Amino acid sequence: MKELGSGTCGKIAVVGAGTAGALAAASVSRLHPERDHELHHIYDSRIPIIGVGEGSWPSLVRELQQLSQLPHETVQQRLNGTRKFGSRFEGWGRRRQDFVHYFTPQQVAYAYHLSADLMADLLRASTRARHIDARVTAITKVDGGAQVQFEGREAERYDLVFDARGYPRQLDPQEHIDISFIPTNCAAIRRGPPVVKAPPNAPVRELTYTRAVARPHGWVFVIPLTVHTSYGYVFNKDVSDLDAVEADFDEFLAEDGVSDFEKRAVIPFPNFVRRRIYDGAVVRVGNAAAFMEPLEATAIRLAQLQVALVLRMRFHRPAEYVQSDAPVINRFLVTDALAAGLFVGWHYCCGSKYDSAFWRNARDRVWPNYREAADPLAVDCSALRKFDEMLELVTALTPDPADWERQCAFLPVSSFAQIAHGLGAPLGRKHDSMPT
């Protein structure tokens, strides 16, 4: 009998205690309890988790129930959560009309709006691991595994390491694909009173949506939780001055009737995909693998896929295939993340109701470069081809019913169709740009 991959996973480390790290550790512990392995969950307690309200996709509802072994209603309440049935876009596109990107089936499938720090706490309770509170200085692949180096303690060798330390401070073209067709790179985060009233001792059951509101300097997300509402103004710090953004943020909240709020943070970010997400010994997950602005709640869904695919292959494939599987798995994960990035960047192709410097730059200068940035020869994956195929399906006058089950990354054809219709978006290569 061939030795299964679990034989090469006797000692596993998860580095990072944020959403992706907590998800990875719980998945190893809960989904593979019969395996003979040692799990170390490594994190630096001096690094806080920013409790930003987050959106998600319906797959997370099922996975959190599976990992926690708690009823859906209990999970939702533990997360201060509400049920997200999609995203409501306000002022986007050439139609300049509000529209909703629903999960499918519409008004049946739902995800969560949740508090990120509480989700990490929930998952930690489902994890059986040795906890190591230390600063990690390096993670390197070595013969037969990976080595984790620490500040102030001896390095340790592992068979498999999940690196969930977050996105890099600077992009290296040799290591990262720059998603240059997304026009934002910073977010100002605030917190206000709840807009949804939670019933006593019961979950909120009403239909809620993440609001994505176009503004002169970018857009504002509004995520309703039961104890507060999370707001974020997503903008480009190289186009708009922070003072101007903060002033417009004040104006937006005043228009929404919010007079009492807390300024939480201003967070610059890169939009990127790591060229090597998985190398056979180290798997980057969450923001360490890829990041793009939070417009379509891609982060958690991508982390779910990265963790699940690598664990499935390592625990259920013969050990002799670990190294030959690695480039195949990596290319799949890179393609998936970059395709999600193309979907996010596409939202800007028609501008918005604002004829401002940000929106002119996004529509006329940033998005038109997407084909060059995602060229298969430059990125070594087929994300652009898959994105084109989805647009062609949406454009087809008589689509084959079987095609409506197809996906690009984790996004079904219905998502592409809803966004195309809502934006009045150009479809196909002949329509990459539109006159204003």
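**Antiparallel sheet.** I started with an open sheet of 3 strands in the order β8-β9-β10, with antiparallel pairing. Strands here are DSSP E runs of at least two residues, helices are H or I runs of at least four, and both are numbered from the N terminus. Two strands pair if DSSP finds at least two bridges between them. β8 (136–142) and β10 (156–158) stand at the edges with a single partner strand each, so one side of each has no neighbour in the sheet. On average, neighbouring strands of this sheet are turned by 25° against each other, direction ignored. I then looked at β8 and β9 (residues 145–150), which pair antiparallel over 6 bridges. Thr-140 sits opposite Gln-147 in β9.

**Ground rules.** This is a predicted model, where local features need pLDDT of at least 70 and side-chain atom pairs count only at pLDDT 80 or more, while totals for chains, interfaces and linings use all residues. Residues are numbered from 1 along each chain as its sequence is written, and side-chain values use heavy atoms, with hydrogens and water left out.

**Confidence.** I checked pLDDT, the predictor's confidence in each residue from 0 to 100. The chain's mean is 92, and 94% of its residues reach 70 or more. Residues 1–6 fall below 50, and this stretch has 19 contacts in the model beyond near neighbours in sequence; contact means heavy atoms within 4.5 Å.

**Parallel sheet.** Next came an open sheet of 5 strands, β7-β2-β1-β11-β19, with parallel pairing. β7 (130–133) and β19 (282–284) are at its edges, each with a single partner strand, so one side of each is left without a neighbour in the sheet. The twist averages 20° from one strand to the next. I found 4 bridges joining β1 (residues 11–15) to β11 (residues 160–163), and Val-14 stands opposite Phe-162 in β11. I also noted that α6 lies across β1, β11 and β19, running at about 175° to β11. Axes are lines fitted to C-alpha atoms (for helices, over the stretch in contact), and angles run from 0 to 180 degrees between N-to-C directions.

**α6 against α7.** How are α6 and α7 packed? Helix α6 (residues 298–316) and helix α7 (residues 322–346) pack at about 165°, axes 11 Å apart. They are therefore roughly antiparallel; the classes are under 35 degrees for roughly parallel, over 145 for roughly antiparallel, 65 to 115 for roughly perpendicular, and oblique for the rest. I listed the contact residues: among them are Leu-302, Leu-305 and Met-313 in α6, and Ile-329, Phe-332 and Val-344 in α7. By class this contact has 12 nonpolar, 2 polar and 3 charged residues (Ala, Val, Leu, Ile, Met, Phe, Trp, Tyr, Cys and Pro are nonpolar, Asp, Glu, Lys and Arg charged, the others, Gly among them, polar).

**α7 against α11.** α7 and α11 (residues 383–395) pack at about 50°, with axes 8 Å apart, which makes α7 oblique to α11. The contact splits into 9 nonpolar, 1 polar and 1 charged residues; Trp-346 in α7 and Phe-387 in α11 are among them.

Most residues other than glycine have a negative phi, and most peptide bonds are trans. I flagged the Thr-104 to Pro-105 bond, which is cis with omega near 0°; Pro-105 is in the loop between β5 (99–102) and β6 (111–115). I also flagged Ala-297, not a glycine, with a positive phi of about 50°. Ala-297 lies in the loop between β20 (290–291) and α6.
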